[in-house]
Amino acid sequence: MKKNFDYVGKSYPVHDAIGKVTGGLVYAGDMKLPRMLHAKLLLSPIAHGIIKEIDTKRAEELPGVVKVFSYKNSPCTSYSRYRLLPGQENCPADQKLFSDKVRYFGDWVAVVVAQDAGIAHDAVKLIDVKYEELPVVTDLSDALKNEAKIHESGNLIREYGYTIGAGESGVAGEEDAVTVETTVRTPRAHHATMETHVCIARYDVSGKITIWSSCQGAYAVRTIVADFLGLSYNMVRVIKTPVGGSFGGKQEAILEPLTAFLAKETRSTVMLKLNRRECILSTMTRPEVETRLKTTCSKDGKLLRCDINAVLDAGAYATNAMDYIAGTMGKITKLYRIPNIKYQAKSVYTNCPVSGAMRGWGSPEFFTAVEIQMDQIAKKLSMDPVTFRLKNLVHPYDIDQATKISLGNAGIIDCLEKGAAEFNWYERYNAPKTEGRYQIGVGFACGAHKNSMYGGGPEFSTMTMKMNEDGTFLLNTAVQDLGCGSVQTIRIIAGEALSVDPEQILVLEADTDYSPYDFGSYGTRVTYVCGACALKVAGKIKEQILDVASLALQQPKQHLKIENAQVYNIKDKNQRISFKEIGIISKNKYHLDIIATETYYGVSNPGGYGAHFAEVKVDRLTGLVLVTDYLAVHDVGQVINRRMCEGQVQGAVQMGIGYALSEEVSVNAKGQVLNDSFKNYHMINAPDMPNVRVILLERGGDDGPFGAKGIGELAVVPVAGAVVNAVNNALGTNLSHLPLTPKKIITALRQDLNSSI
C-alpha cells in the first residue's frame, strides 16, 4: 500500500466552493424554467381526523390558479416514499398523496398549482375544510395499547428480536455481579438544513417526466415515481441538483411523487418549494426512541449480559421505521464484547410528525443510551469510566456477533487511549468538585458505525472514466454530493491513482439518463464503496494510458512509470510523454478511445470508531449548560481530504451538542408541534461552541480506497453521550431524558435537594 501520497491526506476545498461563496451556484430553488408553475401545500391543522368536507371552489376561482388537488381528484394508490429498490422488504406502502384521513399535525390535505408562488400561497387560504376529530396518540406506551388505531393494521408496525449466548437463563458469575437498569429517551430532531426541500418536475410532449431534486438517491426516486405513476423507468429522468445540506432528511422521495404527478396532470413544469415551517412539520424528523437497558457485569468490570428493549416512534407513516429500528439490533456488538445479549425492539405509529433517516441512522440514539448507562455502571463499580470501557471494547478483527462480519481493523481502543491522554482525562475526572453556582464536569463516550450496506443487502457502484484529448479526465458517476465534499473526495482518490492533479478530473453527479448505477449517498458508503470504485476504474484507465505510452515510446510497459501527468522511461527519464500528447495520439494514431467502465462490489463492512471528550460548565441557578472544551478522536483508516474530515467532525459536534441540550421537535397532547420555526427550535449557535480539537487516526488495514473509512455519520454518534455524561459528572445526577433543557436540570437538582432533606 502506497504511503507517501501526492494528493491523498492533504486539504482541499469542496469542488463547488467558488459557486457557493459567490452565490453563483444554482440550487433547485433558484431554477427558473419557461412557463413554470408553482405549487403550495395545505397542511392539516389537527393531528388525527376525518375530512368530512373539502371545498376548493374559491381557491380555483382565484385568477392565476391552474388546479387544486385533494383526495377527491388524485390517485388512491398507496406507496412507500422510503423504498430504495423495487421488491424491497420492510417498506410498507401506507401512504397516499392525499387521503380523507389526516394522521398528524402537518399531514397533506390539498395542493394548489398556480402561475406564481404568491397566487398559490393566497389560494391555499381559500380552501375550506371540515374535520371530524379523532383521538390523538402521541405517547409510545399509549400507542402500544392500540386504543386509537392510526392505521387499520394497528399501531405496532414491526417487532424485532435476537439473542446471543444465554437466553432467558442466567449466565456464569451473574449471581455475584452488579446489575444496572437505565431508561434513556432521545428526542425528535429537525435536520435544519440551510436549503429547504425543493423539487421541480417537467412533463414533455413525449410523456416523459424530468425531475430536478436535491435528493440522496436519484435511482431510488426514479423507481418510486415511475411505479407510482405507472410509467416505464425510461420515461422518468431524475437529475440531482446541488444540495444545501441533507443529514438524511432528503433520502426519501418526499416531494418527488407529488411534484411529478402535478406536472403530469397539468402537462407543464411545476416547482414545489417548502418553507421552514413546512419542512419541520411535514417532511421528517429524527425519531424519538425510548431505550431500556439492563446490564450485568462482574465486580472486576467485565460485561456479562445486556438486555435491551427499544421502542421507536415512527410518527404517522412507517417510511424507514422498520429498517431503522432493525438497524439498531447489531450496533452494540460493533463496540463492546458482551457474551450474552437479548435485544427486543418495536416500531410504532403515533399521531406525531413522520420520522426518518438522520445522520447516523440509529447510532446516535442507540449509543447515547449505551454510553449513559456505561457511565452509570462504572460509577456503581467505583471504577474510572475509561478503565471500565477498556476492559470491554472490541479488538481489531473481532467478528461482529450480530452480523458475523469482521469488524476490520477496529481502532476504538486506540481512540480512547489517545483521547484520554490528550484530554488529560484522569486528572480532570478526579479533580475535586467545587461548591457554588457553577459546576464543572467532564465526560466522554465511545461510538461506532458501519461503512457500507454490505451484509444487509446489495452493495456495489459503477463508474465510467475517459481521457479527453487534452489529457484531462471525465469521471461519470451517480455519486450525490450532499454539500460535504464527496465529489472532491472521489477526485482526490482518482487523482492519486493516476498521479494527476485532482483538478484535472471532472466528476459528474447523478443523472439517471446518463449516469452508471449507484444506490445513493447514505449508510457511510460513499468513501468506502464509491471511492473504491473510483480507484478501480482509475486503475483501468492507468493501464490503458501505459499501453498507449508503450506504443508511442517503443518501450516495454514494465519500464514505464506515471508521474505528474506524464509517462517516463525509468531507465531514461528524459524519454517521456505527457498525458496531453497521449490524449491526442491515442485517437489520431492508434484509433483508441481511453475509456473504461468498472463495477466495484462491496466485500466488507468494518466498523468506524470514535471517542469524544467534553467539559461542561453548568449553572445550578438557571440550569443552563455551556460546553467549554471538546476533543474528538476518530479512526478513519486513511484521511483523504484532511480539512474536510476535520470540518465534518466539528459540524457533527455542534449538531450533537444541540441534540443533547436543546433540540427537540416538541409535540403537545393534541399532537400540535409547538416549535415550528427557528425562533423556538433552539440549535447551538457558533458563539456557544467550544474549540473542537480533532485527532484523526490513520491505521489502514481495511478495503476502502488507500485504507480509508467514512466519517460523516460516525462523527455525530458519540457527541450526545459525552455531553450528557459530563453534565451528570458535574451535578452528580443520572439524567437520561434528552434534551437536557434547563427545566429538566433544575427539576433534577430540586429533587436531589428534597431527597437529602
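This section describes salt bridges, strand pairing and a charged surface patch in a predicted model. Local features were required to have pLDDT of at least 70 and side-chain atom pairs were counted only at pLDDT 80 or more, whereas totals for chains, interfaces and linings use all residues. Residues are numbered from 1 along each chain as its sequence is written, and side-chain values use heavy atoms, with hydrogens and water left out.

The structure holds 42 salt bridges, a salt bridge being a side-chain nitrogen of Lys or Arg within 4 Å of a carboxyl oxygen of Asp or Glu. In one of them, the side chains of R81 and E252 meet at 2.6 Å, N to O. R81 lies in the loop between β3 (65-69) and β4 (101-102) and E252 in the loop between β11 (236-240) and α6 (256-266), so this pair ties together parts that are 171 residues apart in sequence. Helices (H or I, at least four residues) and strands (E, at least two) are DSSP runs, numbered from the N terminus. R81 is buried, with a relative accessible area of 3%, and E252 is buried at 2%; buried means under 20% relative accessible area, exposed over 50%, and partly exposed in between (1.4 Å probe, protein chains only).

A salt bridge is also formed by the side chains of R525 and E459, at 2.7 Å from N to O. This pair links distant parts of the chain, 66 residues apart, with R525 in the loop between β19 and α15 (526-553) and E459 in the loop between β16 (438-449) and β17 (460-467). Both partners count as buried, R525 at 0% relative accessibility and E459 at 6%. The loop between β19 and α15 also contains T524, which is buried with a relative accessible area of 12%. The C-alpha atoms of T524 and N451 are separated by 5.0 Å, although these residues are 73 apart along the chain.

The side chains of K709 and D702 meet in a further salt bridge, at 3.6 Å from N to O. K709 counts as buried at 4% relative accessibility, as does D702 at 13%. Salt bridges that share partners join R185, R188, E288, E290, R292 and D313 into one network.

Strand β19 (residues 505-508) has a covered face, formed by I505 and V507, and an uncovered one, formed by L506 and L508. In a regular strand the side chains alternate between the two faces of the sheet. β19 runs parallel to strand β18 (residues 473-476), to which it is joined by four bridges; two strands pair if DSSP finds at least two bridges between them. Opposite V507 in β19 stands L475.

Antiparallel pairing is found between strand β20 (residues 560-563) and strand β21 (residues 566-569), joined by four bridges. I562 has V567 in β21 as its bridge partner. The two strands form a hairpin with two residues between them, and N564 in the turn has a positive phi of about 50°. Strand β21 is in turn joined by four bridges to strand β22 (residues 572-578), again in antiparallel orientation. V567 stands opposite I577 in β22, and a hairpin joins β21 to β22 through two residues.

On the surface, E53, D55, E60 and E61 gather in a patch of negative charge. Two or more residues of the negative patch come from each of β2 (49-55) and α2 (57-61). Patches are made of residues with over 30% relative accessible area and no salt bridge, like charges being joined within 9 Å and nonpolar side chains (Val, Leu, Ile, Met, Phe, Trp, Tyr) within 5 Å. E53, located in strand β2, is partly exposed with a relative accessible area of 47%.

Conventions:
Accessible areas come from the Shrake-Rupley method with a 1.4 Å probe; for residues, only the protein chains shown count as cover. Lys and Arg count as positive and Asp and Glu as negative; His and the chain ends are not counted. The place of a charge is taken as NZ of Lys, CZ of Arg, CG of Asp or CD of Glu.
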